[in-house]
Amino acid sequence: MAVLSSQAVAQQFRFWSDTAKNSRRITLPILGYSPETHFSVGALAVALWKNQHPTIPTRTSNAELVILYTSRQQLIILPRYTIFTKGENYLIEGLGQALVDYRDFYFGRGNATPISNRDTIMYDAVSFENKIGRKVFKKRKLFLGMEARAIQYYNVHRRPGRLLDTEKITGYNGSSSIGLGPTLTWDKRDNIVNPSSGFFWDVRYSMYSKSLGGTVNYHRLLIDFRKYINVVPRARHIAAFELFGNFVRGDAPFKELSELGGARIMRGYYRGRFRDNYLTAFQAEYRMPVYKRIGVVAFAGLGKVYNPTEVNFEGLHYSYGGGIRVTVNKRERLNLRLDYALGDPKYLGYFYLGFAESF
């Protein structure tokens with residue numbers, strides 16, 4: 001979720017934090033904006049700490065909680081964490097979400113759905129996913145593990161006679177998905193929140209089944225490859241690249257299909273502007289400082305959604321834009337960000353106010 005501190009300028013980024021050597025905490029009120037939520041107000045709490053090992057370097061763990069209320073009368077609660085145990089023997093990652101009266105748009109299924117399809121829906125949702133991986137080799141940051149994921153959409157309100165009501169696509173009246181599967185993560189990033197070098201490979205396969213307590217059966221394969229290059233080390237000019245794929249087979253609810261757009265993948269499009277079984281996207285970003293805590297970025301993306309019978313390079317969507325970064329914690333390189341992205345030709349671009357980088 002995109003967030004920006006309303007006190008950032010007033011406090012000159014001297015946010016409250018503890019003074020313990022290996023732990024820091026940040027708490028602040030926030031003001032945010034995204035195309036999906038419009039304006040929002042709330043609070044952010046972030047904890048950073050190191051589970052130090054006497055001989056093996058261990059990267060910083062982090063946990064955050066975001067609570068927001070939006071101008072569209074939505075309540076959003078987002079907990080998230082990434083934990084490295086001592087010596088990085090285990091990697092534990094989790095993400096939760098609670099949405100109340102969440103207003104959303106459905107444009108249909110496919111890579112070329114017209115904007116005139118737009119249908120307004122409202123629903124509540126709760127989800128949680130957790131991944132735990134064990135380091136495979138003593139000197140390699142390669143983790144093999146398992147992921148558990150549960151998502152429920154309920155209290156779905158549709159407009160009678162409109163697209164979602166007439167299509168009756170899986171999940172149009174709500175759904176529950178419970179899945180399990182193996183994961184493989186190779187994480188050589190120097191910093192989890194804002195990397196300047198290294199790479200990140202994450203592959204997850206999960207099977208969602210009625211036998212686990214859900215209402216649907218489907219499979220999902222997620223592939224996320226990222227690379228970071230410190231082009232000008234003294235000035236910290238960073239080139240970041242990401243290849244992302246999400247591949248869904250089976251009777252998945254429409255909200256669990258691959259979605260193009262949003263603050264995370266292909267900024268410049270409403271999240272879910274295009275959706276289908278498969279998504280492949282490539283993103284690149286160049287980040288550089290300009291003055292003290294202020295930096296700028298330029299980014300671009302290319303991607304499409306498709307189904308298994310249409311694997312080709314036709315109909316690729318593109319996006320591009322730029323942004324401003326303000327460092328709020330130098331030690332962990334935590335940034336607040338303001339991005340402007342162009343993509344969907346039907347709109348004059350989108351603004352994103354965010355905490356930390358998009359990838």
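Select Lys168 to begin: with a relative accessible area of 48%, Lys168 is partly exposed, a class that lies between buried (under 20% relative accessible area) and exposed (over 50%), computed with a 1.4 Å probe on protein chains only. Lys168 sits in the loop that links helix 2 (163-167) to strand 9, where helices (H or I, at least four residues) and strands (E, at least two) are DSSP runs numbered from the N terminus. The phi angle of Lys168 is near 50 degrees, a positive value in a residue other than glycine.

Before moving on, keep in mind that this is a predicted model, in which local features need pLDDT of at least 70 and side-chain atom pairs count only at pLDDT 80 or more, while totals for chains, interfaces and linings use all residues. Residues are numbered from 1 along each chain as its sequence is written, and side-chain values use heavy atoms, with hydrogens and water left out.

Next, select His38, another residue other than glycine with a positive phi, in this case near 60 degrees. His38 belongs to strand 3 (residues 38-49), and its relative accessibility of 32% makes it partly exposed.

Now turn to strand 9 and select Leu184, which is found in that strand and counts as partly exposed at 39% relative accessibility. Leaving aside neighbours within four places in sequence, Leu184 is in contact (heavy atoms within 4.5 Å) with Leu142, Phe143, Leu144, Trp201, Asp202 and Val203.

Strand 9 (residues 175-187) and strand 10 (residues 198-208) run antiparallel and are joined by seven bridges, and two strands are said to pair if DSSP finds at least two bridges between them. Within this pairing, Asp187 stands opposite Phe200 in strand 10. On to strand 11 (residues 218-232), which runs antiparallel to strand 10 and is joined to it by eleven bridges; here Ser206 has Arg220 in strand 11 as its bridge partner. While following the side chains, recall that in a regular strand they alternate between the two faces of the sheet.

Which strand holds Arg275? Arg275 is placed in strand 14 (residues 274-276), and it counts as buried, because its relative accessibility is 1%. Not counting residues up to four places away in sequence, Arg275 touches a set of residues that includes Phe105, Tyr106, Arg109, Phe254, Glu259 and Val305. Lys255 also touches Arg275; the two are 20 residues apart in sequence and 8.8 Å apart in space, C-alpha to C-alpha.

Finally, zoom out to the whole chain, which has two helices and 19 strands. Its radius of gyration, taken over C-alpha atoms, is 20 Å, close to the 21 Å that the globule rule gives for 359 residues, so the chain is as compact as a globular protein of that length; the rule is 2.2 Å times the number of residues to the power 0.38. The C-alpha trace spans about 60 × 45 × 40 Å along its principal axes, and 50% of the 359 residues count as buried. Of the contacts in the chain with a separation of 6 or more, 58% come from residues 24 or more positions apart.
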